[in-house]
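Me: I would like to learn how to read salt bridges and nonpolar cores in a protein model. Please take me through one case.

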Amino acid sequence: HQALFSRFRKFNIHLHAVSPSQTVTSRHSTTNTISYLRLPNEAQAVERLIGLKNERKLDIKHHPVIELRLNPEWLALELVLTPEAWYDQRNWLGKMSVPRYRDEFHTLLAALSPHIRIGAWQGDTPTDRYLTSTELRFPRIFEAWAGTYSDGRDWLRFGVWYQTPQVTPDVVHSLFDHAQAIYRIHQYIAWTGRNDFYSLFRAKEDRDIR
């Protein structure tokens, strides 16, 4: 974490570190976790928007979280949106309703390392239910994947997993490369005053109801 976070600050990855943290992927996990999320003032703004009391301690499950997790089997670095992060999920879906931004997101996914797993499962262990950038490069697969996503119900995860026995100090270089790629996804999705597409989601939802 120390080696990774020092690079975050050097290369303008603007995230706040919560350490120690409990993983949002599982309620009963004992995995060692450090969470990186939006800066506190941005997080407080979102919690006000979703009607939470603006207390000192943030509720990280309501935000896009990049987790660094370690257990005896795996070291994982993952961007996770839980169903409780529905405001950002809707912001993402609103942005995806604009063809230009939808194409931009498709390009972002296609540029990811094929080692990054993209999926919607819950839990702190990897599964075989995931896609990679190699598969999502195909427009038909991308549209099928994006078209079935349901806010407030589905998970959204982008991550890389290393078997713990194979981890060496050199893994920091690889982790940081993946962190930069995942952060670009985070910046595309996460609501801010300058990245506000929530109203477009609501407009599309109203049209679908009619």
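Reply: A salt bridge is a side-chain nitrogen of Lys or Arg within 4 Å of a carboxyl oxygen of Asp or Glu. This is a predicted model, in which local features need pLDDT of at least 70 and side-chain atom pairs count only at pLDDT 80 or more, while totals for chains, interfaces and linings use all residues. Residues are numbered from 1 along each chain as its sequence is written, and side-chain values use heavy atoms, with hydrogens and water left out.

Me: Which parts does the pair Arg102 and Glu143 tie together?

Reply: Helices (H or I, at least four residues) and strands (E, at least two) are DSSP runs, numbered from the N terminus. Arg102 lies in helix H4 (residues 99-110) and Glu143 in helix H6 (residues 139-147), so the pair links parts that are 41 residues apart in sequence.

Me: How do I read the accessibility of Arg102?

Reply: Buried means under 20% relative accessible area, exposed over 50%, and partly exposed in between (1.4 Å probe, protein chains only). Arg102, with 21%, is partly exposed; Glu143, at 38%, is also partly exposed.

Me: How many salt bridges does the structure hold?

Reply: There are eight. One of them joins the side chains of Glu78 and Arg157 (2.7 Å, N to O). Glu78 lies in strand S4 (residues 74-81) and Arg157 in strand S7 (residues 156-163), so this pair ties together parts 79 residues apart in sequence.

Me: Are Glu78 and Arg157 buried or exposed?

Reply: Both are buried. For another case, take Arg153 and Asp154, whose side chains meet in a salt bridge (3.4 Å, N to O). Arg153 is exposed at 55% relative accessible area, whereas Asp154 is buried at 17%. Salt bridges can also share partners: Glu67, Arg69, Glu78 and Arg157 are joined into one network in this way.

Me: Which residues have the most contacts inside the largest nonpolar core?

Reply: In soluble globular proteins, nonpolar side chains tend to be buried together. A nonpolar core is a set of buried Ala, Val, Leu, Ile, Met, Phe, Trp, Tyr and Cys residues joined through side-chain atoms within 4.5 Å. The largest here has 45 residues, and those with the most contacts inside it are Trp92, Phe105, Leu109, Trp145 and Phe158. Helix H7 (residues 171-189) gives this core its largest share, ten residues. A second, separate core has eight residues, among them Leu58, Ile60, Val80 and Trp155.
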